[in-house]
Amino acid sequence: MADIQVDIPYVPRDWQKYVHLNKRNRNVLIVHRRAGKSVLAVMELIDCALRCTKKNGRFGYIAPFRSQAKDLAWAYLKDLSLHVPHTTVSETELWVEFPNKARIRCYGSDNAPALRGIYFDGCVLDEMADVDPDFVGQILMPTLADRDGWLIQMGTPHGTDGLSQAYLKHKDDPTWFCVKMDVAQTKALNETQLAVLRSGMTNAEWEQEMMCNLDAATPDVLLCGADVEAAMLRQL
(Lines give C-alpha, C1' and ligand atoms only; values in the text may rest on other atoms or scores of the structure.)
Protein backbone atom coordinates (compact mmCIF):
# COMPACT_ATOMS: atom_id res chain seq x y z
CA MET A 1 0.00 0.00 0.00
CA ALA A 2 1.39 3.40 -0.99
CA ASP A 3 2.02 5.89 1.79
CA ILE A 4 -0.53 8.69 2.07
CA GLN A 5 -0.49 11.93 4.00
CA VAL A 6 -3.32 12.31 6.50
CA ASP A 7 -4.30 15.72 7.88
CA ILE A 8 -6.23 15.32 11.15
CA PRO A 9 -7.35 18.58 12.84
CA TYR A 10 -5.65 18.04 16.19
CA VAL A 11 -3.22 20.46 17.78
CA PRO A 12 -2.09 19.04 21.14
CA ARG A 13 -1.80 21.24 24.17
CA ASP A 14 1.66 21.37 25.73
CA TRP A 15 0.83 18.75 28.35
CA GLN A 16 -0.70 16.46 25.70
CA LYS A 17 2.37 16.83 23.50
CA TYR A 18 4.55 15.92 26.49
CA VAL A 19 2.57 12.70 26.99
CA HIS A 20 2.61 11.77 23.29
CA LEU A 21 6.38 12.22 23.12
CA ASN A 22 7.17 10.34 26.34
CA LYS A 23 4.66 7.47 26.24
CA ARG A 24 6.08 4.04 26.97
CA ASN A 25 4.70 0.52 26.91
CA ARG A 26 3.18 1.01 30.37
CA ASN A 27 1.74 4.36 31.43
CA VAL A 28 -0.28 5.94 34.24
CA LEU A 29 -1.79 9.40 33.70
CA ILE A 30 -3.49 11.22 36.56
CA VAL A 31 -4.90 14.44 35.15
CA HIS A 32 -7.65 16.79 36.33
CA ARG A 33 -11.16 17.05 34.88
CA ARG A 34 -11.68 18.86 31.55
CA ALA A 35 -8.01 18.72 30.61
CA GLY A 36 -8.50 16.82 27.35
CA LYS A 37 -7.60 13.26 28.39
CA SER A 38 -10.13 11.58 26.12
CA VAL A 39 -8.98 13.48 23.03
CA LEU A 40 -5.37 12.64 23.84
CA ALA A 41 -6.31 8.96 24.21
CA VAL A 42 -8.22 8.86 20.93
CA MET A 43 -5.40 10.54 19.00
CA GLU A 44 -2.81 8.19 20.47
CA LEU A 45 -4.95 5.23 19.42
CA ILE A 46 -5.44 6.62 15.91
CA ASP A 47 -1.75 7.39 15.46
CA CYS A 48 -0.67 3.93 16.62
CA ALA A 49 -3.34 2.19 14.55
CA LEU A 50 -2.28 4.01 11.39
CA ARG A 51 1.36 3.14 12.03
CA CYS A 52 0.62 -0.49 12.88
CA THR A 53 2.40 -2.94 10.56
CA LYS A 54 1.12 -6.11 12.21
CA LYS A 55 -1.69 -8.05 10.58
CA ASN A 56 -5.16 -7.06 11.79
CA GLY A 57 -4.00 -4.57 14.40
CA ARG A 58 -6.42 -4.21 17.31
CA PHE A 59 -6.69 -1.24 19.66
CA GLY A 60 -9.19 -0.50 22.41
CA TYR A 61 -10.64 2.38 24.37
CA ILE A 62 -12.10 1.04 27.61
CA ALA A 63 -14.27 2.93 30.11
CA PRO A 64 -16.09 1.55 33.16
CA PHE A 65 -19.26 1.15 31.04
CA ARG A 66 -19.74 0.79 27.29
CA SER A 67 -22.26 3.65 27.30
CA GLN A 68 -19.67 5.77 29.07
CA ALA A 69 -17.05 4.89 26.46
CA LYS A 70 -19.52 5.97 23.82
CA ASP A 71 -20.19 9.28 25.56
CA LEU A 72 -16.53 10.02 26.31
CA ALA A 73 -14.73 8.93 23.18
CA TRP A 74 -16.88 7.64 20.33
CA ALA A 75 -17.71 11.00 18.73
CA TYR A 76 -14.03 12.02 18.83
CA LEU A 77 -12.90 8.66 17.50
CA LYS A 78 -15.39 8.58 14.63
CA ASP A 79 -15.02 12.21 13.56
CA LEU A 80 -11.22 12.25 13.66
CA SER A 81 -10.86 8.85 12.01
CA LEU A 82 -13.03 9.87 9.07
CA HIS A 83 -10.29 12.27 8.01
CA VAL A 84 -8.42 9.13 6.93
CA PRO A 85 -9.54 8.08 3.44
CA HIS A 86 -11.38 4.74 3.12
CA THR A 87 -12.05 4.39 6.85
CA THR A 88 -14.90 2.02 7.76
CA VAL A 89 -17.19 2.86 10.69
CA SER A 90 -19.53 0.57 12.65
CA GLU A 91 -22.02 2.58 14.69
CA THR A 92 -23.53 -0.51 16.32
CA GLU A 93 -20.21 -2.10 17.32
CA LEU A 94 -18.44 1.20 18.05
CA TRP A 95 -15.36 0.53 15.94
CA VAL A 96 -13.44 2.19 13.14
CA GLU A 97 -11.20 0.31 10.75
CA PHE A 98 -8.45 1.87 8.64
CA PRO A 99 -7.24 0.73 5.20
CA ASN A 100 -4.39 -1.24 6.84
CA LYS A 101 -7.10 -3.30 8.63
CA ALA A 102 -6.13 -1.88 12.04
CA ARG A 103 -9.26 -1.43 14.14
CA ILE A 104 -10.06 0.72 17.20
CA ARG A 105 -13.09 -0.25 19.28
CA CYS A 106 -14.82 1.12 22.38
CA TYR A 107 -15.53 -1.25 25.28
CA GLY A 108 -16.92 -1.24 28.81
CA SER A 109 -15.01 -2.94 31.62
CA ASP A 110 -18.35 -3.97 33.13
CA ASN A 111 -18.66 -6.59 30.38
CA ALA A 112 -15.35 -8.27 31.17
CA PRO A 113 -16.23 -11.64 29.55
CA ALA A 114 -16.42 -9.88 26.16
CA LEU A 115 -12.71 -9.08 26.47
CA ARG A 116 -11.55 -12.60 27.25
CA GLY A 117 -9.77 -14.29 24.37
CA ILE A 118 -9.12 -11.15 22.31
CA TYR A 119 -5.82 -9.33 21.84
CA PHE A 120 -4.73 -5.70 21.80
CA ASP A 121 -1.75 -4.01 20.20
CA GLY A 122 -2.54 -1.06 22.44
CA CYS A 123 -5.36 0.16 24.64
CA VAL A 124 -6.48 2.95 26.94
CA LEU A 125 -8.26 2.32 30.23
CA ASP A 126 -10.06 5.57 31.07
CA GLU A 127 -11.68 6.57 34.38
CA MET A 128 -9.71 3.76 35.98
CA ALA A 129 -10.69 4.88 39.49
CA ASP A 130 -14.19 3.55 38.77
CA VAL A 131 -13.05 0.18 37.38
CA ASP A 132 -13.08 -3.10 39.32
CA PRO A 133 -9.60 -3.43 40.91
CA ASP A 134 -9.24 -6.98 39.53
CA PHE A 135 -9.97 -5.97 35.94
CA VAL A 136 -6.43 -4.96 34.95
CA GLY A 137 -4.65 -8.05 36.21
CA GLN A 138 -7.27 -10.68 35.46
CA ILE A 139 -8.74 -9.40 32.19
CA LEU A 140 -6.71 -6.64 30.56
CA MET A 141 -3.08 -7.72 30.95
CA PRO A 142 -3.57 -11.09 29.20
CA THR A 143 -5.02 -9.30 26.15
CA LEU A 144 -1.70 -7.43 25.76
CA ALA A 145 0.61 -10.40 26.16
CA ASP A 146 0.55 -11.95 22.66
CA ARG A 147 1.45 -8.78 20.76
CA ASP A 148 3.38 -6.93 23.51
CA GLY A 149 0.66 -4.31 23.47
CA TRP A 150 0.96 -0.95 25.21
CA LEU A 151 -1.36 0.29 27.96
CA ILE A 152 -2.39 3.72 29.22
CA GLN A 153 -4.22 3.76 32.55
CA MET A 154 -5.68 7.19 33.18
CA GLY A 155 -8.29 9.27 34.92
CA THR A 156 -8.84 11.45 37.96
CA PRO A 157 -8.25 9.82 41.36
CA HIS A 158 -10.89 9.10 43.99
CA GLY A 159 -8.57 8.90 46.95
CA THR A 160 -7.12 5.42 47.35
CA ASP A 161 -8.22 3.46 44.29
CA GLY A 162 -6.76 1.35 41.50
CA LEU A 163 -5.52 4.40 39.60
CA SER A 164 -3.73 6.03 42.52
CA GLN A 165 -2.28 2.69 43.60
CA ALA A 166 -0.90 2.07 40.10
CA TYR A 167 0.67 5.54 40.11
CA LEU A 168 2.25 5.10 43.54
CA LYS A 169 3.51 1.63 42.69
CA HIS A 170 5.18 2.52 39.38
CA LYS A 171 6.04 6.23 39.53
CA ASP A 172 9.70 5.53 40.32
CA ASP A 173 10.02 2.65 37.85
CA PRO A 174 12.07 3.86 34.85
CA THR A 175 10.30 1.39 32.55
CA TRP A 176 6.97 3.12 33.23
CA PHE A 177 5.79 6.61 32.30
CA CYS A 178 3.76 8.01 35.20
CA VAL A 179 2.57 11.61 35.49
CA LYS A 180 0.21 13.52 37.76
CA MET A 181 -0.91 16.96 36.55
CA ASP A 182 -3.21 19.50 38.19
CA VAL A 183 -4.84 22.59 36.67
CA ALA A 184 -1.78 24.75 37.28
CA GLN A 185 0.44 22.32 35.40
CA THR A 186 -1.69 21.66 32.32
CA LYS A 187 -2.93 25.24 31.84
CA ALA A 188 -5.84 23.66 29.96
CA LEU A 189 -8.45 26.00 31.52
CA ASN A 190 -8.39 29.78 31.75
CA GLU A 191 -8.96 31.80 34.91
CA THR A 192 -12.64 32.43 34.15
CA GLN A 193 -13.32 28.73 33.63
CA LEU A 194 -11.46 27.84 36.81
CA ALA A 195 -13.38 30.45 38.82
CA VAL A 196 -16.71 29.04 37.66
CA LEU A 197 -15.66 25.50 38.54
CA ARG A 198 -14.20 26.55 41.89
CA SER A 199 -17.42 28.33 42.92
CA GLY A 200 -19.47 25.18 42.51
CA MET A 201 -17.17 22.75 44.30
CA THR A 202 -16.31 22.04 47.92
CA ASN A 203 -12.68 22.24 49.01
CA ALA A 204 -12.44 18.45 49.02
CA GLU A 205 -13.97 18.19 45.56
CA TRP A 206 -11.62 20.82 44.20
CA GLU A 207 -8.59 19.09 45.68
CA GLN A 208 -9.65 15.73 44.28
CA GLU A 209 -11.04 16.63 40.85
CA MET A 210 -8.87 19.58 39.84
CA MET A 211 -5.71 19.35 41.95
CA CYS A 212 -5.47 15.55 41.69
CA ASN A 213 -4.70 15.35 45.40
CA LEU A 214 -4.44 11.66 46.28
CA ASP A 215 -5.04 12.55 49.94
CA ALA A 216 -8.15 14.66 49.40
CA ALA A 217 -10.63 14.14 52.20
CA THR A 218 -13.58 12.06 51.04
CA PRO A 219 -16.16 10.40 53.29
CA ASP A 220 -15.56 6.85 52.04
CA VAL A 221 -11.74 6.77 52.26
CA LEU A 222 -10.25 4.72 55.09
CA LEU A 223 -6.55 5.17 54.22
CA CYS A 224 -5.09 8.18 52.40
CA GLY A 225 -2.54 7.91 49.60
CA ALA A 226 0.37 8.91 51.82
CA ASP A 227 -0.43 6.04 54.20
CA VAL A 228 -0.60 3.58 51.32
CA GLU A 229 2.68 4.80 49.84
CA ALA A 230 4.41 4.58 53.21
CA ALA A 231 3.13 1.04 53.71
CA MET A 232 4.37 0.00 50.26
CA LEU A 233 7.88 1.22 51.10
CA ARG A 234 8.15 -0.78 54.32
CA GLN A 235 10.36 -3.84 54.39
CA LEU A 236 9.39 -6.92 56.38
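**View 1. Helix α2 passes α3 in a right-handed crossing.** Right-handed here means the near helix is turned clockwise from the far one by less than a right angle. This is a predicted model, where local features need pLDDT of at least 70 and side-chain atom pairs count only at 80 or more, while totals for chains, interfaces and linings use all residues. Residues are numbered from 1 along each chain, and side-chain values use heavy atoms, with hydrogens and water left out. Axes are fitted to C-alpha atoms over the stretch in contact, with angles from 0 to 180 degrees between N-to-C directions; helices are DSSP H or I runs of at least four residues.

**View 2. Who touches whom between α2 and α3.** S38, V39, V42, M43 and I46 of α2 meet L72, A73, Y76, L77, L80 and S81 of α3 (contact: heavy atoms within 4.5 Å). That makes nine nonpolar, two polar and no charged residues; Asp, Glu, Lys and Arg count as charged, Ala, Val, Leu, Ile, Met, Phe, Trp, Tyr, Cys and Pro as nonpolar, and the others as polar.

**View 3. α1 against α2, another right-handed crossing.** The axes of α1 (residues 14-22) and α2 come within 11 Å and cross at roughly 35°. On the α1 side are W15, Q16, V19 and H20, facing K37, L40, M43 and E44 in α2. By class, this contact has four nonpolar, two polar and two charged residues.

Notes
Helices (H or I, at least four residues) and strands (E, at least two) are DSSP runs, numbered from the N terminus.
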